[in-house]
Amino acid sequence: MGMNRKWAFLFLMLACISLVSGCWSKKELTDVALVSALGIDIDEKGRYVGTFQIINPGNVAGGMQGGGAGQGPSVSVYSTTGNNIVEVSRRASTKISRRLYYAHTNLVVVSDELAEKEGLAAIMDAFDRHPEFRTTARVVIARESSAADIVKTLTAVDKIPANKVIKTMELTEKRWGEHVKTNIQEVTKDLVSPGKEPILTGFRMIGNAKKGEKMENVQESALDAILQADAIAVFKDDKLVDWLTGETARGTLWVLDKIKSTGISIDWQDKQEAIAYQVVRQKTKVTATMKNGQPQISINVQAEGDIDEANVPVNLADPRVLLRIEKALGKEIEKEIHKSIQHASQHKTDIFGFGEAMHRSEPESWKRMEKNWNDEHFPKLKVKVNVDAYIRRTGLRSKPMHFGGHLRVGPPVGQRVKAVGFSTPRG
Amino acid sequence: MPSFFKRKNVTKTRYNQKSGNKEQSPEKKPGSIGFSLSVNLDIIKQRTGNSTDIITRHVKIGPNYGLKTVVVYVAGIVNEQFIHDFLIESLMKDHFLQEDLNLENAAEIIVDDLVALSSVMQISEWNQLLLSLMSGDTIILIDGLDKALSVSTEGGEKRAIEEPGAQVSVRGSRAGFVESLGTNTALVRRIIKSPDLWLESMKIGKVTKTDVAIMYINGIAKQEIVEEVRSRLNKLEVDSILESGYIEQLIEDQTFTPFPTLYNTERPDIVAGNLLEGRIAIFIDGTPFVLLAPAVFVQFFQSTDDYYARFDMATALRLLRILIFIISLIAPAAYVAVTTFHQEMIPTQLVITVAAQREAVPFPAFVEALIMEVTFEILREAGIRLPRAVGSAVSIVGALVIGQAAVQAGIVSPAMVIIVSITAIASFATPSFSMAISARLIRFFIMISAATFGFYGIILAFIMLLAHLCSLRSFSVPYMTPLAPFILANVGDTIVRFPWLDLGTRPKLISQKDNIGQGETMKSQPPENSGMVTANTGKGDGNES
Amino acid sequence: MEKARISAYQLFVLMYLFQLGSAILIPLAIEAKQDAWLAILVGMIVGVVPFFIYYSLYQYYPDILPTQYTERIVGKMFGRAISLLYILYLSYLSARVLRDFGEMLLSFAYPETPLFIANALLMFVVMYTVRKGIEVLARTGELLFTLMILLAFSGLLLVVFSGLIDLNNLKPMLEEGLKPVIKVALTQTVFFPFGEVVAFAMIFPYLNHPKKVKVAGLLALGLGGTGLALAMAINISVLGVDLVSRSQFPLLSTIQSIQIASFLERLDVYFMIGSIIGIFLKISVYFYAAVTGTANLFNVKQPSQLAYPIGIIILFLSVTIASNFSEHLEEGLKLVPLILHLPFQIILPLFLLIIAFIKRGKGQKEKRVQRESAPRRGEA
């Protein structure tokens, strides 16, 4: 009897729970709109304009059900306005038949206008707090385009534009080192920390925005509109203050120890950028000390790599020559680093985390400087940079073909192809 | 043939015990056999309802053919060849032995001199006579004698020993149990040639009087457990025992559980192995499935191949089986949970693929999963029932219906088909059928939990399942030993298998204490300097210089 | 007291999971900033003291439950009153843990689900297990422990291999000196989670080898504390102090940060399994202690009969003790340690121990008893 009663109770309880529940928190895949990217602009009245890039699964995935894979656009884009992010999101339900689902939102695009005027802090809170949002979502700034343009533009190869942006950013950070991938977590961390300011990659839509939204855009070999990683956005507090490009941008990544591989060219025997060096791995160490009551930073870079290209007669088989090249390379990198530090000093924003380094090694002095680090101490900071570049290999050939042979025709300076960044076949 | 004689020995012991008891009891009770042959025969006819398969053969024996004698047996369950050659023929023809035969010594002479069969005994009660008769013995009734002789002539058609159907192994003995209890016990005795292998018999079932025997190794099996098994079996009062499943369900510790708490097997080597670990085997006449008690959870994931194969392979396979079991439990539930609650937990690309497939499906994921699972169960059930000739038709239709048409019609998504297929294959891969079917049932329970609460539901269901498993006992041995309670010495043979050299101890809670299974000194010692070359010369590899 | 025996290993497992239970989920000792892990370790070392108090009491009365020995120590009436207070304390704590869990579940995965339902499901499983007795609970614990170790180990590997750990986040060590660390350790970590092993006083009498209680307990304290400190150190080194202190569930954020090979990511289910296991064990232990104590106090023959009524009370308590999560946390971190933990974990047991010591000593050494206990006995 007891047995039966117990089991009857169990069964009843289960039945009740499964019937009564009506399944809260349940969301069928067919009832959610997978938001792949979210663009945030600001309109004239100062309200937020959210642009949602929603995946059309049927047009992305192949297979039987897809049927028309590739026939329709892979994403649909909707825009709504509101006074805060949540309002924007909720109001979108007037236009979209499905519940917006942010767990797969891997990209947040913020327009440069918004970043300059309003700052990031206001919008980041919503992303950081919302349980659905992944803090690993990447954040980029739309440079000289609206965030909506970035979100709307269709892309080839990677069918989902958000993916294309993320993968481009990751790849270029890894291979070229002038851009940096940053996710929500890192941004919020930097926003809060007094000793480090955030940097974000800028993206730019090049071409015709109207055409970029159409399917025709991806049906051409040369796209009408493409999305391109473009410069690094520098923030002070939470506001966009400047853009870093080229070597200045890369110098920043050197300091941040984020360079994975890149190509560096140096001049040789009066020939500009004649030798291309490929960094394979590097390690940067930033140490902060107090000297005579003044904060001092020393940066130690150790880079290892191969010679990828040599367009001058230089005997790469000679270790002494390599030593000289190594010196020159060190100088070049040092120059990049100094450039970026100067740039940041002008804007009085410590994007390198020197403050944090100071906090770690000199907590006592840091307490004094913490309050006005960016404005007062950081620009005056003494920075010592020391770079050791090592050449490990020189590719499959030792001497370049101009060397000692009768063929002395280097390509004319104007037509020279900068071939840095090629990978060696050895990988 | 040896098996046959061994079986005889077995029955003899049993009957002798019983007759011994009988002789002490006072004579002439109402149920006793009378003196008159014709009356006795009438009683037999009346008690058996004139059944036509009861054969009576009248012979006259003695010096002057003066003693009227009847030989009674049931056709089909006796070895008629034996009855003719060694019983009737000697009764009728061996006159030189019958010279002194009279009513007083008839029984003794028949037993001692005439019947050339191994087990003969005297019976004086009707119930016992009928029981013997129905068990395949041949009864000899003599006019004027209030006793009957029962000659053991069990026989009849038997299935030959074949490879077991439900428990196939790659390596190891090909012999499987058959329906005859005697053959089955003999198969085990042939493996364990020890006088300590003890066998006890009983008859269970008020109507069927099924022969049931328990077998254990004295000195290894725990005495309390043997006593427990014996007493539980003796307590049984049912009409019939048609299969070992009856006994299993009647004597298990807990009725309300989906898990089997007795192990059943068709393989003599498994029985032998378990007897050596201290378990007790329960043989039931009429079925090739032998029960083993006490059973523990991990046992159901072990197959004989694990012991015959090298330990590394065996360990890998056992871990794989646990994985398989978990898959067969939660695969559809996880699919439901992921597609209806936790879309954030799968990679974006995958969620897009699944979403694309689900787009055209008209049902919620749970209903979709339920439809597919039930369809599969239907197919499986139909596949078992169908005659072999049309069996393949089911699989064709099933494959087409599930795999092709349902997907094309947009009723289910291809992902769901994959899930169901994996589940199905996984449920076939569990070595023990009885564990596999319990997984089938639990799967639905977990699916419901997943449909209502996603992974939270699954995890809770899983914890509840674990608690339930931990609360089970099989003949007072905790079901999850040696994992919980954790017994370090026995962990070597659970979901992993250590090398044989390290498996020195018998299961602690199952076998008697201070019993070490193996010696320590048997490890082979390879010659010391056989590193790079085999150096038999004793000079090493430098013997040229 | 039910007829059951558990082994020292099982006790260790239960204690270990009990301590990890809810403590591993929250930003424990984050007031000590990047030295939180240090504060946990200090708390662990100090936590040995209350453990020894319970252990010594157990050694005086190895065969009976605290609900019985309080009666023997301070007399029937006071003893029963103290026991009743302890039962209420244990019930309240299990309700608190249940609430913690429900809030966590709702915050991160099931925002639309009513708290009551989420709690009810877990409580149902807890009741189901506790009904079956301490042996089943201990065995379940053993299996879950293995699972937990697997999870923790693979989780650790994942975090390490995703390259998230930045030890710089743990620097500077002892920025403000030892003082804040000691303060946090003494006001927080020593009570939560280490002092909470007071619940195990109800379980010690079930040990089959009473001598091993000390080893098992100390090992569980040590490994549990180390585990917690390690988890906190990882949280801080991955997320940074600031983010940890702002997070309700830093471990979740850490796990969500894992990204390996763009496939091993979104491992929230790890967190979910780990947290449910820990919480389940913790509630079960509290709940079991409450049930067995009640049964003992009121001479209920079958403790399992009490599982459902007390469980349902705890369930309702869990949803009513606070109106929102912040209030709940505020109570838990500010009020409970002072008002409940301090008296129930330290003062009362110490008081009992002293009296027990004196009573024991009285038979042997009359003089010492009179000298030491005269005022205290008046109190009692």
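So, A:Arg250: its charged end sits over the ring of A:Trp176, 5.0 Å from the ring centre. Keep in mind that this is a predicted model, so everything I show you today is computed from predicted coordinates. Chain B has a contact of this kind too: there, the charged end of B:Arg318 sits over the ring of B:Tyr307, and the distance to the ring centre is 5.1 Å.

Okay, on to rings with rings. How many aromatic pairs does a search of the whole structure find? Over all chains, 45. Let me walk you through a couple in chain A. Take A:Phe127 and A:Phe133. Their ring centres are 4.6 Å apart and the planes make an angle of 40°, so we call this pair tilted. The reason is the cut-offs: under 30 degrees would be stacked and over 60 would be edge-to-face, so 40° falls in the remaining class. And are these two buried or exposed? A:Phe127 is buried, and A:Phe133 is buried as well.

Next pair: A:Phe354 with A:Phe378. This one is tilted too, with 6.1 Å from centre to centre and 40° between the planes. What I like here is where the partners come from. A:Phe354 belongs to helix H13 of chain A, residues 354-361, while A:Phe378 is in the loop between helix H15 (373-377) and strand S13 (382-393), so the pair ties together parts that are 24 residues apart in sequence. Both A:Phe354 and A:Phe378 are buried.

Now over to chain B.

Last item, a helix pair in chain B. Helix H6, residues 181-191, packs against helix H9, residues 268-276, at an angle of about 60°, and the axes are 9 Å apart. H6(B) and H9(B) are therefore oblique to each other. As for handedness, H6(B) passes H9(B) in a right-handed crossing.

Key: Residues numbered from 1 in each chain as written. Chains lettered and ligands numbered in written order. Predicted model: local features only at pLDDT ≥ 70, side-chain atom pairs only at ≥ 80, totals over all residues. Heavy atoms only, no water. Phe/Tyr/Trp six-rings, centres within 6.5 Å; stacked < 30°, edge-to-face > 60°. Buried < 20%, exposed > 50% of the residue type's maximum accessible area, 1.4 Å probe, protein only. Helix = DSSP H or I, 4+ residues; strand = E, 2+ residues; numbered from the N terminus. Lys NZ or Arg CZ within 6 Å of the ring centre and 35° of its normal. Axes fitted to C-alpha atoms, helices over the stretch in contact; angles between N-to-C directions. Parallel < 35°, antiparallel > 145°, perpendicular 65-115°, else oblique. Left-handed = near helix turned anticlockwise from the far one by under 90°.
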